[in-house]
Amino acid sequence: MTDLIAPGATLENVASGAVWAEGPVWLPARRAVRFSDIPNNRILEYSEDSGELAVYRDDAEFTNGRTLDLDGSVIQCSHGRRAVERDRDGVIEVLVDSWAGKRLNSPNDVVVKSDGTIWFTDPSYGIKKPGEGHPGELEYGDHYVFRLDPRDGSLTPVVIDVETPNGLAFSPDESLLYVADSAISPPDGRRDPARPGGHSIHCYDVFDGRLCKNGREFAEVGPGLPDGFRVDEAGRIWTSSLDAVQVFAPTGELVERIPVPEKIANVCFGGDDGRTLYITATSSLYRIRTTVRDAVAART
Ligand code: MG
């Protein structure tokens, strides 16, 4: 292992009992990791203080990815409401659920930029995959990445050329936007010439803080696919794959691999010093101590 992993640190399974654990976020005020158990339609919380896993909410309308807003409230994606919503102390406020008069598909993952705009991906798992939401149709006929500006309520597609956009995150200076494509999942990790980039993380230059240009493939992820990921303070990408968390340098070079015994959905940094990597992987929440922090935590 590289010096990205704390000396002597090993992977620890801290909680089990989910069917498909996704969408983790660290809540500093609660010293807890909140995450979705999508097929069970509930939200779980693991407390570092008690070491216990608790149900935060049942009948959660199939939430998926989440992040913290600038004010510390939770912004989360809802497959069931086909919306991006805010959870402030348990009170849900829908922020957006349609574009150009059409319903969104099923928002999957979300980030908040330092200017307060909310960027999210909109694949269709929540309306097409049994048990992950309510069956429905693609109303605008595609899968986009959107930017919501809460200052004027405008919703704008920013990325339209990723087949199935899933995880997303900015580089530390927000000059780059990374978007994972989870269109295909080759178990052998091989490239499909017919769908190049279908299990890659893609990269865009962000102009004027709001326009995504010059899309290109950043890194192919395999075996499996990249679902959720986070960017650390040095611009490295910590991404899910089938069997390991993979860490890519900003150059696209694979620099670390943390094997995990279950299929991985997503990761987040947490703990009091922000250097614990929490991993949602199928039935369980895992963690490992690292030497780095999330780019967003380092910003504040
Ligand atoms: Mg996802």
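Predicted model: local features only at pLDDT ≥ 70, side-chain atom pairs only at ≥ 80, totals over all residues.
Local features need pLDDT of at least 70, side-chain atom pairs count only at pLDDT 80 or more, and totals for chains, interfaces and linings use all residues. Residues are numbered from 1 along each chain as its sequence is written, and side-chain values use heavy atoms, with hydrogens and water left out.

**Exercise 1.** Identify the residues that coordinate the magnesium ion and describe their spacing in sequence.

Solution. 
1. Donors are N, O and S atoms within 2.8 Å of the metal (3.2 Å for Na, K and Ca); water is not among the atoms, so sites may look incomplete.
2. Glu22 (OE), Asn108 (OD1), Asn166 (OD1) and Asp227 (OD) coordinate the ion at 2.2 to 2.7 Å.
3. The spacing of these donor residues reads E-x85-N-x57-N-x60-D.
4. Glutamate 22 in strand S2 and asparagine 108 in the loop between strand S11 (102-103) and S12 are 86 residues apart. Strands are DSSP runs (E, at least two residues), and helices likewise (H or I, at least four), numbered from the N terminus.
5. Buried means under 20% relative accessible area, exposed over 50%, partly exposed in between (1.4 Å probe, protein chains only). Glutamate 22 is buried at 1%, and asparagine 108 is buried at 3%.

**Exercise 2.** State which element gives the largest share of the lining of the largest pocket.

Solution. 
1. A pocket is an open set of points on a 1 Å grid over the protein atoms alone where a 1.4 Å probe fits, with protein on both sides within 12 Å along at least five of seven lines; lining residues have an atom within 4 Å of a point.
2. The lining has 37 residues, with Thr67, Leu68, Asp294, Val296 and Ala297 nearest the centre.
3. Helix H2 (295-299) is among the elements that supply at least two lining residues.
4. H2 gives the largest share, four residues.
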